[in-house]
Amino acid sequence: MNFSDIPSQFDVLVVGAGAAGLYTALCLPDSLRVGLITKETVALSASDWAQGGIAAAVSPEDSPKLHIEDTLKAGAGLCDPKAVEFLAEQAPSCIQSLINLGVAFDRHDHNLAFTLEAAHSRPRVLHAADTTGREVTTTLTAQVLRRQNIQIIQQALALSLWIEPETGYCQGISLFHQGKVTWIRAGAVILATGGGGQVFAQTTNPAVSTGDGVAIAWRAGAILRDLEFVQFHPTALTKPGRFLISEAVRGEGAHLVDNQGRRFAFDYHPAGELAPRDVVSRAIFSHLQRTSADLATAHVWLDMRPIPADKIRHRFPNIIQVCQHSGIDVFNELVPVAPAAHYWMGGILTDLQNRTNIPGLYAVGETASTGVHGANRLASNSLLECIVFGAQMADLDDEALQKDQLQKSEFLSNSSNFVLSEDEWHNQHAQLKDIREKLPRLVWQSAGICRQELGLKSAIATIESWQQDFANLPLSRFLQSLHPTEPASFNLPDIEQQLRLWAETRNLLDVAYLILKSAAFRTESRGGHYRLDYPQTDPDWQVHTIIQYDHWRKSIRTSTG
């Protein structure tokens with residue numbers, strides 16, 4: 001379909017074009033007119049970077065029951081058992097759906113090939129070499145481009161949800177596209193914007209992962225859950241870009257060693273390198289604290305040499321290539337690695353149909369909190385979640401869309417024009433850049449792998465100060481004063497780059513605030529959340545952190561059996 005002319009109304013708007021957004025768009029009934037919005041191109045998302053694979057109990061030696069048990073165990077008491085059962089039981093049919101669409105998973109003698117990853121009791125991770133995410137998203141993108149009912153809107157920024165004040169119904173979004181702010185109505189809005197890894201200085205996530213969906217939904221009154229739970233991947237290459245060295249490398253037999261060549265991970269857990277990710281990340285962090293003078297540059301080593309060379313070539317060609325580009329020969333040299341923020345377990349609270357508390361608003365993938373990950377995600381369940389829950393949107397019908405709820409007001413034709421002097425523009429840009437550069441370092445230091453009250457409270461105060469500075473910027477005052485249906489244009493240089501910087505900085509400030517406040521709220525250690533001042537898991541905290549607007553509370557006590 002045409003990429004440039006955007007209609008003022010769709011049946012459904014999908015925001016985000018990773019695995020969750022693409023598969024959701026494909027599963028929506030083809031009778032619906034779908035707008036697929038991405039702030040980059042359809043080829044760039046965190047899903048595209050996913051190496052390890054997609055977990056599913058489809059081998060004869062495996063079962064959904066075992067997959068459920070492993071997921072619940074990894075989730076540290078906070079998984080929703082019904083959601084986990086749904087995920088594991090739907091996995092085989094979803095894998096078949098991907099195969100039918102053309103995803104080429106690796107095979108052994110025509111049978112699907114499986115690998116073992118940390119905390120799985122069986123080899124159940126399907127893969128396409130070490131670029132599974134790319135294989136999935138490339139295939140899904142090709143299918144989306146064939147669909148006549150889907151219009152892709154590229155290099156567009158969703159700025160806010162359009163909520164009808166009388167009914168509270170989400171009836172669209174405000175969108176920045178081609179230098180203008182416009183409003184688009186929709187019978188349903190589905191947020192599939194991925195995670196927020198860019199809020200941390202060290203992350204495996206791409207630059208697009210700025211927590212947009214969570215921040216946009218929070219500002220509109222959506223209920224959020226468990227935002228303190230961030231998974232830090234143990235083995236990111238300590239070179240610019242923090243390229244992730246897949247869990248599957250350790251699953252195939254690679255060792256973690258320190259400067260003395262000792263496999264130190266067994267000091268912290270009997271499973272060593274194959275312990276859950278949070279355990280391995282803390283083991284590396286603790287070991288480096290004891291043995292390194294400068295934690296900012298410290299690293300341990302990943303030794304891939306125990307894996308047969310032919311298997312490395314077959315399974316990890318992309319890792320070989322990236323390491324070669326950094327001057328590392330994985331066949332003969334150790335690979336320097338350290339933990340980095342990787343996956344956000346929390347998100348927008350949803351049910352099994354992806355519904356939020358705001359009628360007309362849905363969330364899918366890492367943006368959502370479905371209950372399948374609990375306090376710590378089991379490896380390779382993330383791509384699976386995107387597919388299983390994306391498939392649920394096939395049931396969206398005219399009754400669910402509630403099109404009669406859409407406000408019938410006309411769009412305003414006169415555009416508000418924003419103008420600044422050159423000096424004001426440069427000053428505003430400098431302020432935005434300053435916040436954008438300082439913020440990830442602050443969050444990494446205060447809410448990284450290990451947290452404590454003093455650092456969290458100090459960081460919250462700093463973030464609140466920056467939020468006030470941000471709110472006082474001329475561009476902030478202008479954009480936040482726009483009324484629904486009121487378009488805006490800009491008579492300024494580099495407006496595309498500048499407004500993206502503004503929008504992402506706004507979202508990152510809110511995401512930082514939400515993570516820090518949630519981490520300070522939970523006075524225990526569990527899963528991806530570790531407090532130095534509360535190092536034990538507290539049975540009284542086997543509850544979810546629930547957030548709406550600026551109110552934090554505990555959920556009713558949960559049990560995962």
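Modeller: Happy to! One term to begin with: buried means under 20% relative accessible area, exposed means over 50%, and partly exposed is in between, using a 1.4 Å probe and protein chains only. This is a predicted model, where local features need pLDDT of at least 70 and side-chain atom pairs count only at pLDDT 80 or more, while totals for chains, interfaces and linings use all residues. Residues are numbered from 1 along each chain as its sequence is written, and side-chain values use heavy atoms, with hydrogens and water left out.

Biologist: Is Cys27 buried or exposed?

Modeller: Cys27 counts as buried, at 17% relative accessibility.

Biologist: And how many disulfides does the count come to?

Modeller: The count is 0 disulfides, taking a disulfide as a pair of cysteine sulfur atoms within 2.5 Å. For Cys27, the nearest cysteine sulfur belongs to Cys94 and is 7.6 Å away.

Biologist: Switching to rings: how many aromatic pairs does a search of the whole structure find?

Modeller: The search gives 13 aromatic pairs. Rings of Phe, Tyr and Trp (its six-membered ring) pair if their centres lie within 6.5 Å; planes under 30 degrees apart are stacked, over 60 edge-to-face, and the rest tilted. One of the pairs is Phe232 with Trp444: their ring centres are 5.9 Å apart and the planes are at 65°, so this pair is edge-to-face.

Biologist: Where do Phe232 and Trp444 lie?

Modeller: Phe232 is in strand β13 (residues 230-237) and Trp444 in helix α13 (residues 422-447), so the pair ties together parts 212 residues apart in sequence. Those names come from DSSP runs, numbered from the N terminus: helices are H or I with at least four residues, strands E with at least two. Phe232 is buried at 4% relative accessible area, whereas Trp444 is partly exposed at 23%.

Biologist: What about the rings of Tyr513 and Trp552?

Modeller: Their centres are 6.0 Å apart with planes at 80°, so that pair is edge-to-face. Tyr513 sits in helix α16 (residues 495-521) and Trp552 in strand β23 (residues 551-554), 39 residues apart. Both Tyr513 and Trp552 are buried.

Biologist: Which residue lies over the face of Trp552?

Modeller: Lys517 does, at 5.1 Å from the ring centre. A charge sits over a ring if NZ of Lys or CZ of Arg is within 6 Å of the ring centre and within 35 degrees of the ring normal. Likewise, Arg377 lies over the face of Tyr343, at 4.3 Å from the ring centre.

Biologist: Now the sheet with β23: what is the strand order?

Modeller: This open sheet of 5 strands runs β19-β17-β12-β22-β23, with mixed pairing. The edge strands are β19 (368-369) and β23, each pairing on one side only. Two strands pair if DSSP finds at least two bridges between them. Strand β22 (residues 545-548) pairs with β23 in the antiparallel sense over 4 bridges, and Thr545 stands opposite Lys554 in β23.

Biologist: Which strands does α16 touch?

Modeller: α16 packs on the sheet and touches β12, β22 and β23, with contact meaning heavy atoms within 4.5 Å.

Note on methods:
Axes are lines fitted to C-alpha atoms, for helices over the stretch in contact, and angles run from 0 to 180 degrees between N-to-C directions.
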